[in-house]
Structure formats: structure tokens, C-alpha cells
Amino acid sequence: MNQSSTQNIPEHHHIPHHVAVIMDGNGRWAKKRFMPRVMGHKRGLDVLEEIVRVCDDAGVRYLTVFAFSTENWRRPAEEVSFLMGLFLVALQKKVIEMNKNGVRLKVIGDRSLFNADIQQSIVDAEKLTENNTGITLTIAADYGGRWDILQAANALIKEGKTEISEADLASKLMLSEAPEPDLFIRTGGETRISNFMLWQMAYAEFYFTDVLWPDFNADEMHKAFASFTKRERRFGRTSEQLPVEQQRS
């Protein structure tokens, strides 16, 4: 299990080792083009494939994307149905190409509300790619940060824990084996975290852009990387305490 940034100072990296993304703006992208909202989601899946390649080439080891939140079940039934179908396509077809490229796929969230085909496809996709050594792409589906913390606490209660440490809780969270995100990106102009990885992003650097997800490309990703490299990651220290290579010029 990776250590918490509130307990230990993580290693410094010029390129983030773990990037978390809220892929926002699909529906608005489609609406601007007088297309059904669902076409924006379809385009968004193609963009995700490109961004996985860009991150892998840049040296990012973990990419975690918020595909469907626990709150997204409130969307119109037609849109939810389309998203489930798109998720199934990604798991059954897109994963074949990802596997060829050495991508390891993981899915986090509450799987209980997904139909049997999706649940089995998740198992199959994770099994197919589990030994790959490239970037780990994690899809957060029916996921919420508060749900994540609650399921971790309940798991510890079931083990008989009466007093819980930070390390105990962290060990039961989704993605406990991955480093905490260094960089959080949200596209589409919103500046909220929207219940995404609340515990894990305690010390992430935030990058917000007005670019809608279907227009987010390699150039935009590199802009986010460039912003990250300019940040002072102090973790409670002063600027003077940082190694020279981390200090702002």
C-alpha cells in the first residue's frame, strides 16, 4: 500500500505519476453542435483513448477517470442507458486494443447496480490486462468519494476494528495500491471536485480548464503537465526547505 501524503512526503516528479480526471462537458459539446447529448459521450470515449496514450508516453503510471458517479443515476433514463451501453463497448472491444498496448485496466465503484453483462465484462477485462506493465487506467463507475470512505470503514468494522488509524482506512479504500493523485484535472469549466476521490486527493494539484472533454487533446494534456511542473509541492514545508530543483525561479 502506498503511504499517505499527510503522513510522509512523496517523491518529487516533474511529470505526475498519478493523474485523476473528471471528463466534463460531453453533453454541452454535443448540444453546441445540435447533436444528441449521447454523441458527446461517444466522442469522449475516443478522446480517452488518446489521452491514455499521451499519459503513457509521458511517463504517467496511473490515470484514473471519473466515468459515472453515484449521483449520475439521476440523469435521464435514456442517457443512463446509453452510457451503460458505451461502458460495455469499452469493456468488450476497446479493452482489446488497450491490452495490445500494455495498458492495465481496473474498475472501481459499487458494481451491484450494473447488469450481469457489465459485471462479467469488468471481471474479464481486469483479468485480461492484469499482468500488463504499462499505464494503469482506472475507470471510476458508480463511484463516490464518500461511498469509498464508508465502504472502507465498514470493511474495518467487519474485521472487528474498534479504533481506526489513517493507515487502516487507507488500506481499504479503492486504489489503495496506487500512489495518491499528484494532479487532478477537470475539463468543461466547472471548478468542483464533485465527490471524486475525496480522501486520496488531499494534496493533489488542481488544474481546471474551460475546454470541453471532447476537445481535450494531447496539446491540452501537455498544458496541464506544464502547469504541474510550475507548482511548489511543499506538503507543509516552506519554500526554503524544498530541494533546489523544486523551488520556483
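Biologist: How much of the protein chain counts as buried?
Modeller: Of its 249 residues, 47% do, buried being under 20% relative accessible area with a 1.4 Å probe, protein chains only. This is a predicted model, where local features need pLDDT of at least 70, side-chain atom pairs count only at pLDDT 80 or more, and totals for chains, interfaces and linings use all residues. Residues are numbered from 1 along each chain as its sequence is written, and side-chain values use heavy atoms, leaving out hydrogens and water.

Biologist: OK, and which residues touch the most other members in the largest nonpolar core?
Modeller: V19, L63, F87, L137, I185 and M221, out of 40 residues. A core here is a set of buried Ala, Val, Leu, Ile, Met, Phe, Trp, Tyr and Cys residues joined through side-chain atoms within 4.5 Å.

Biologist: What does L137 touch?
Modeller: Among others, L48, V52, L63 and M98, not counting residues up to four places away in sequence; contact means heavy atoms within 4.5 Å.

Biologist: Switching to the sheet, what's the strand order?
Modeller: β3-β4-β2-β1-β5-β6, an open sheet with parallel pairing. Strands are DSSP runs of E, at least two residues, numbered from the N terminus, and two of them pair if DSSP finds at least two bridges between them.

Biologist: Why is one side of β3 and of β6 left without a neighbour?
Modeller: β3 (104-108) and β6 (205-208) stand at the edges with a single partner strand each, so one side of each has no neighbour in the sheet.

Biologist: How many bridges join β3 and β4?
Modeller: Five, in the parallel sense. K106 has T138 in β4 as its bridge partner.

Note on methods:
Buried means under 20% relative accessible area, exposed over 50%, partly exposed in between (1.4 Å probe, protein chains only). Helices (H or I, at least four residues) and strands (E, at least two) are DSSP runs, numbered from the N terminus.
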